[in-house]
Amino acid sequence: MRHQGTVQIETERLILRKFVPEDAPAVFRNWESDQRVTKFLTWSHYTALEDTRKGLAKWVDSYQKPDFYQWAIVPKDGRDEPVGSISAVEIHEKTKEVEIGYCIGVDWWGKGIMTEAFRGIIPFFFEQVGARRICARHDPENPASGRVMEKCGLQYEGTLRQADYNNRGIVDVAVWGLLASEYQADKK
């Protein structure tokens with residue numbers, strides 16, 4: 001793959017950009033401190049702003065790596081405040097596969113923001129990075145996440161029983177995928 005790192009991507013309503021240290025208060029307030037957001041995730045909510053600052057510092061340092069992809073989801077509402085994140089949580093070089101993970105604050109659920117952000121990075125990974133496959137996974141008890149994947153053109157590939165873990169414990173995981181060939185066919 002032709003890794004390029006986290007480049008800024010714009011969609012109709014969003015700017016997907018690198019996180020900066022100054023984002024910490026908004027990140028903490030908008031989603032990292034909320035148990036509702038982290039219920040189906042592998043990391044627990046944060047109880048202190050300092051934890052968010054430390055996490056952001058690691059991301060900012062990692063932006064030097066060409067295969068690190070972590071975007072702040074920022075609505076074009078003039079506040080320049082992240083409301084969620086979307087990233088490549090796994091990259092498999094041999095198969096040219098990129099696994100996407102995401103989360104967004106409760107105040108922005110159900111507004112199409114995550115779908116728009118995910119749709120925004122798909123062309124980047126297929127056309128610029130040269131991925132062959134994009135996939136994503138979710139806990140079946142979180143069907144809203146699966147709807148995002150479906151709206152972005154990913155195909156449901158199956159559910160693996162007790163094959164994942166999150167803050168609920170050992171859970172089933174629904175797997176979705178989109179091939180570069182399918183993406184190209186849909187563009188025509």
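Tutor: Of the 188 residues in the protein, 48% are buried, where buried means under 20% relative accessible area with a 1.4 Å probe and protein chains only. The model is a predicted one, in which local features need pLDDT of at least 70 and side-chain atom pairs count only at pLDDT 80 or more, while totals for chains, interfaces and linings use all residues. Residues are numbered from 1 along each chain as its sequence is written, and side-chain values use heavy atoms, with hydrogens and water left out.

The protein has 6 helices and 8 strands; these are DSSP runs numbered from the N terminus, with at least four residues of H or I for a helix and at least two of E for a strand. Their order from the N terminus is β-β-α-α-α-β-β-β-α-β-α-β-β-α. Along the principal axes, the C-alpha atoms fill a box of roughly 45 × 35 × 30 Å. Of the contacts (heavy atoms within 4.5 Å) with a separation of 6 or more, 66% are between residues 24 or more positions apart.

Helix α4 covers residues 113-129 and helix α5 residues 143-151; their axes come within 9 Å and cross at roughly 40 degrees. Axes here are lines fitted to C-alpha atoms over the stretch in contact, and angles run from 0 to 180 degrees between N-to-C directions. That angle makes α4 oblique to α5: under 35 degrees counts as roughly parallel, over 145 as roughly antiparallel, 65 to 115 as roughly perpendicular, and the rest as oblique. The contact is formed by M114, T115, F118 and R119 of α4 with V148, M149 and K151 of α5. By class, this contact has 4 nonpolar, 1 polar and 2 charged residues; Ala, Val, Leu, Ile, Met, Phe, Trp, Tyr, Cys and Pro count as nonpolar, Asp, Glu, Lys and Arg as charged, and the others, Gly among them, as polar.

Helix α6 (residues 180-187) also packs with α4, at an angle of about 110 degrees and with the axes 11 Å apart. This makes α4 roughly perpendicular to α6. On the α4 side the contact uses I122, P123, F126 and E127, and on the α6 side A180, Y183 and K187. The classes in the contact of α4 with α6 are 5 nonpolar, no polar and 2 charged residues.

How values were computed. Buried means under 20% relative accessible area, exposed over 50%, partly exposed in between (1.4 Å probe, protein chains only).
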